[in-house]
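Open the model in your viewer and keep the selection panel at hand. The stops below are meant to be taken in order.

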Amino acid sequence: MTLIEPFNTILDMQHGTLQPAGQVIQRRLSDMRNMYFDRSAYEQIMAEEGDRLIYEVYNAPELPKTEDQLLHCTTLIYPGRVGQEFHMTKGHFHAKRDRAEVYVGLSGKGHLLLQTEEGTVRDIAIRPGTVAYIPPLWAHRTVNTGDQPFSFLSVWPGDAGHDYDSIEKTGFAKLLLEQEGQAVLVDNPKFHR
Ligand code: F6R
Ligand code: ZN
């Protein structure tokens, strides 16, 4: 085990950023080409508006990717929709499926969708102060269902890794859509196991 110096960062609870951050990741619409349900809405945004920024991840300073460390970051999802579908993260399983995670809501409002390999879905509403536990074996995606930026803090084991491909192939079995001003969870007709 490596002895590293204790450190802290400052969490901006209002804006959902960590300072000083390590790696900052920006995910744009084109990074999620196959993930939004409405392909024509995707093409229209790309043609008329360009490659929209969907969300940012502010990682804590670099840590060893080992089981003894706790990686942490904030995620900031900008408000908006692609067709009726709210802005969301790509979503992933942990590459090591037996690794858990905790999310803490900071600002705005959103949902955490969880899904097993078999396609069972759970939905947890996230508000500032909500502490959500993601047990091992559940894929997870977050969705901004509000009209303000939605942010949360995440903490997970250093060796968990990310498996994005499995979710990209199957999709989530449920979609969060805007219908008559409400966020509604509906079956995803394109979902396949
Ligand atoms: C880490 C974790 C979160 C997400 C972040 C962005 O294991 O679950 O920090 O990585 O919210 O979402 P993805 O990684 O799905 O693009
Ligand atoms: Zn995760």
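Which residues have the most contacts inside the largest nonpolar core? Select Leu29, Met32, Tyr36, Val82 and Leu112, which hold that place in a core of 34 residues; a nonpolar core is a set of buried Ala, Val, Leu, Ile, Met, Phe, Trp, Tyr and Cys residues joined through side-chain atoms within 4.5 Å, and buried means under 20% relative accessible area with a 1.4 Å probe, protein chains only. Among the elements that each supply at least two residues of this core are α1 (39-48), β5 (70-77) and β13 (150-157), where helices (H or I, at least four residues) and strands (E, at least two) are DSSP runs numbered from the N terminus.

This is a predicted model, in which local features need pLDDT of at least 70 and side-chain atom pairs count only at pLDDT 80 or more, while totals for chains, interfaces and linings use all residues. Residues are numbered from 1 along each chain as its sequence is written, chains are lettered from A and ligands numbered from 1 in the order in which they are written, and side-chain values use heavy atoms, without hydrogens and water.

Next, select the zinc ion (ligand 2), whose protein donors (N, O and S atoms within 2.8 Å of the metal, or 3.2 Å for Na, K and Ca, with water not among the atoms) are His92 (NE2), His94 (NE2), Glu101 (OE) and His140 (NE2), at 2.1 to 2.3 Å. Of these residues, His94 and Glu101 are buried.

Finally, colour the open sheet of six strands, ordered β3-β4-β5-β13-β8-β11 with antiparallel pairing; strands pair if DSSP finds at least two bridges between them. β3 (24-28) and β11 stand at the edges, each with a single partner strand, so one side of each has no neighbour in the sheet.

How values were computed:
Buried means under 20% relative accessible area, exposed over 50%, partly exposed in between (1.4 Å probe, protein chains only).
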